[in-house]
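Subject: Model and pocket notes

Hello,

Here is the structure for your files. My notes on it come after.

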Amino acid sequence: VPEEKRKNFYKQALDEIINRELLYQDALAVGMKPDKDKVNAQSEKIRQRFKSEEEYKAALEKEGIKEETIRFQIEKEHLVQQLNEKKVVEASRVTEEQLKNYYDKNTAQFKQPESLKLRIISTKDEQKAKDIQEKIKAGDDFGELAYNFSEDSYRVKSGDIGYIHKGRMLPEIEVAAHKLKTGEVSNLIQTEDSWFIIKMEDKKPEQQLSFEEVKEKLKRQIEADKARELSEKLIADLRAKAKIEVLLKTE
C-alpha cells in the first residue's frame, strides 16, 4: 500500500477510535448500562472459538490480554450500539403517513422509464457475425445461436439481458433497439470493438409506480439518509464539546 494511502487509512482508523470513545462517554453520561445477558453471550461466543478453556487462556496470555479487558471492550461496544439505536436508528424511523406525504409531493421521482427486454449476440469477428445473421434469417432460434456462438457473459442465458432502461445501453445498441418492434431482429450493429445482433423481446412503456410498489424501498432509503445525517450530527456535536488530544505521531 503506497505511503500516502497508509496515512489516509491511519487517519480514518484514528477518527473511528475517537468517535467510538466519544459515543461511549455519551452513553455513560446519559446513564446507559450494558445488557449483561448480551455481554455474557458475546463473551461465551469468543470462548467457544477455542477447543478448550486451557487453549483460550493460553491465547490470552500470548497476546498479553486479560479476560476483564475483553469483557470491558464488549460492554463498551454494546453501550455504543445502544446509544446508536436510541439516538440514530429509532430517531430516523418514519411513519407510513410521512412516507405517503413524501410520495405525494414527489410523484415524478417514481416514474419508471420505458424499458426494453432484449436478447443479444456479440462477437469481435465481423464474418462470424454475418454468418450468425444468415442463420437467423434462415429461421434458426436466436437464443440457441446466442448460447452457442455469442462471446459475452449473457451467452449462458441464451443472450437474455432482461429489461433495461434508456441510457443503460451502448448508444449504438440503444438507437437500433428503439427502431425494433417486439419480435424483430436488428441488422449488424458495429461498436468500437464488437459486432452485435439484438432481438426485441418486449417493451414496457413509461409508467407511474404506485405508493404500495415503492413504499418499502422508499422507507429504507429515507431512513438510511436520515440515520446518516443524525449520526454525522451526533459525532459533530460530541466533537465540538469534547477536548481531544492526539498524542500518537501520525507521520
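This is a predicted model: local features need pLDDT of at least 70, side-chain atom pairs count only at pLDDT 80 or more; totals for chains, interfaces and linings use all residues.

Residues are numbered from 1 along each chain as its sequence is written, and side-chain values use heavy atoms, without hydrogens and water.

A pocket here is an open set of points, on a 1 Å grid over the protein atoms alone, where a 1.4 Å probe fits, with protein on both sides within 12 Å along at least five of seven lines; lining residues have an atom within 4 Å of a point. Volume is the space filled by probe spheres set on the points.

The largest pocket has a volume of about 230 Å³. Its lining includes Phe-110, His-165, Leu-209 and Gln-221. Helix H9 (211-241) gives the largest share of that lining, four residues; strand S1 (111-112) also supplies at least two. Helices (H or I, at least four residues) and strands (E, at least two) are DSSP runs, numbered from the N terminus. By class, the lining has five nonpolar, four polar and two charged residues (nonpolar: Ala, Val, Leu, Ile, Met, Phe, Trp, Tyr, Cys and Pro; charged: Asp, Glu, Lys and Arg; polar: the others, Gly among them).

The second largest pocket has a volume of about 190 Å³. Among the residues lining it are Leu-118, Asp-152, Arg-168 and Phe-196. Strands S2 (115-123) and S3 (160-165) each give two or more residues to this lining, and S2 gives the most, three. Nine residues of the lining are nonpolar, one is polar and two are charged.

Regards
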